[in-house]
Amino acid sequence: FAIRSSESLLMKGFHLGSRRSCLARSMTTSSDISGGTSYAKVVIKRNRQSMEFRKGSQLVFEGAIAYTSGSEQSPQMGDLVQVLVEQEKQNTSKKRKTSYKHVISPDDKIPTQLLGWGVYNPQSLYRVRLLCHANLQPKLSHKLTKRNRDEGLSIILSNKLSAAMATRKSLGLPNSETNTYRLFNGEGDGLSGLAVDILGERVAVVMSSATWCQVHQETIQEVLQDLLPSDYKIIWRTTPSRLHQDGWEDTNEGEKTEIQSSDEEVIVYESGVSYKIYPFGEDGGQKTGFYCDQRENRKHLAGYCNGKTVLDLCCYHGGFSLAAKLLGGASHCTGVDSSQVAIDICQENKKMNELNEDVSFVKDDIAKFMKEMALKKQYWDVIVLDPPKLAPSVSGLQRASRKYHSLNRDALALINPIEGGLLLTCTCSAAMTQKDGGRFFLETVQQAATAAGRPVKLLQTSGAAPCHVQSPASYPAGAYLTAALFWVPPVSVEE
């Protein structure tokens, strides 16, 4: 789809044009800020701990804040605030308490510099999520000093969403073969807690995981609707667990959308393969989504599948199976998933892509399936293991690692023992991906290989598709997907 005209965006407050070097040596001082009287101010301590977000990190913790000021009451949930940093490091002989206070008239003897603009949350570990950094976006920041708080958020949203569209255009998205992708990716695109997926040519799914998104849902949807073609429908979804952690109390609603629930289907394309999904369904689960983060991994693996047998474990909508057959020329693909809804969708996708019995789908628990296949001595040349998130947080990491170990052990046992084969094993758990810089997951697979008696050689690791952009300032915090491709050598088989 095309981005709205520059004239339209200018009318909405989006400034088009070149930007000053992000390495500017000085920031705007608080005395330079005019027209911003409606903004409360959050002043950050100048110390080693605050250096990260002074360099570009978007999350400001409570302990980094010196005080808030600017009105008779402290900033409220979701308020757009000015974020400033003390120009000089204060005397540390008298240590400040971790908690901070709100002052109506701050001490003018402590000069400050404008760091940027963000949304405030008194209930969250992240007290401020920076949405605009003054050094990185000086023209946008200057524009905000001339607008009130309500206008300011719309200006930021228009700027960030339009920039995200331009980024996807540089990646060639959408195109004639792919029309489903991540349009906006949280901190990577500069709006922490907000993600947007494009499904086909008329559906956008917004995913909210931060309180400020819930507070400003109407504004977000209005700005997004204005930038998308007029016939696009917007679906609003939430991540209740993250919203609860962020202080949002109304987490029971799950999803809020003006669109009536229905079984209406949407056809999407990825690398020329067709998929049928039902984004307007009530369940918000197996039928309603599509995992575009594996797009490049599906395409890459397909290149090794010509004439090979492929086992796709936790196949969901059959992405790896269909890509292996249609793009790679696999001789036969078997997809396994425990969800009957997912298997039904796989069968529909198989039919829509005019495939025959060379592709089959089985409803079964993958652990049970692998044990039964091992007893039958049924083997495959290529195996994909892509389970759902097994470690939602760091606290569940050890238990999840045992599950990853057993699944990979059993998968390795099914690799062709005579000719060897490939194992693509994945984790979508950020805790697993980030642990020890990624080594923890690879070591778990190595231990599974030892238990299976099948040595492995790591060929490559990859992550989510490029449309899932990340911020270098917060990396690897945004990294969650690891796809590790291993070569499993043949073994001698005794009769």
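Modeller: Two strands are said to pair if DSSP finds at least two bridges between them. Helices (H or I, at least four residues) and strands (E, at least two) are DSSP runs, numbered from the N terminus. This is a predicted model, in which local features need pLDDT of at least 70, side-chain atom pairs count only at pLDDT 80 or more, and totals for chains, interfaces and linings use all residues. Residues are numbered from 1 along each chain as its sequence is written, and side-chain values use heavy atoms, with hydrogens and water left out.

Biologist: In which sense do β18 and β20 pair, and over how many bridges?

Modeller: Strand β18 (residues 421-427) pairs with strand β20 (residues 482-488) in the antiparallel sense, over seven bridges. T482 of β20 is the bridge partner of T427.

Biologist: What is the order of the strands in the open sheet?

Modeller: The seven strands run β16-β15-β14-β17-β18-β20-β19, with mixed pairing. Because β16 (359-363) and β19 (457-462) stand at the edges with a single partner strand each, one side of each has no neighbour in the sheet.

Biologist: At what angle do helices α3 and α4 pack?

Modeller: Axes are lines fitted to C-alpha atoms, for helices over the stretch in contact, and angles run from 0 to 180 degrees between N-to-C directions. Helix α3 (residues 138-145) and helix α4 (residues 149-170) pack at about 160°, with axes 10 Å apart. Angles under 35 degrees count as roughly parallel, over 145 as roughly antiparallel, 65 to 115 as roughly perpendicular and the rest as oblique. The two helices, α3 and α4, are therefore roughly antiparallel.

Biologist: Which residues make the contact?

Modeller: Contact means heavy atoms within 4.5 Å. Helix α3 contributes L140, K143 and L144, and α4 contributes G152, I155, I156 and N159.
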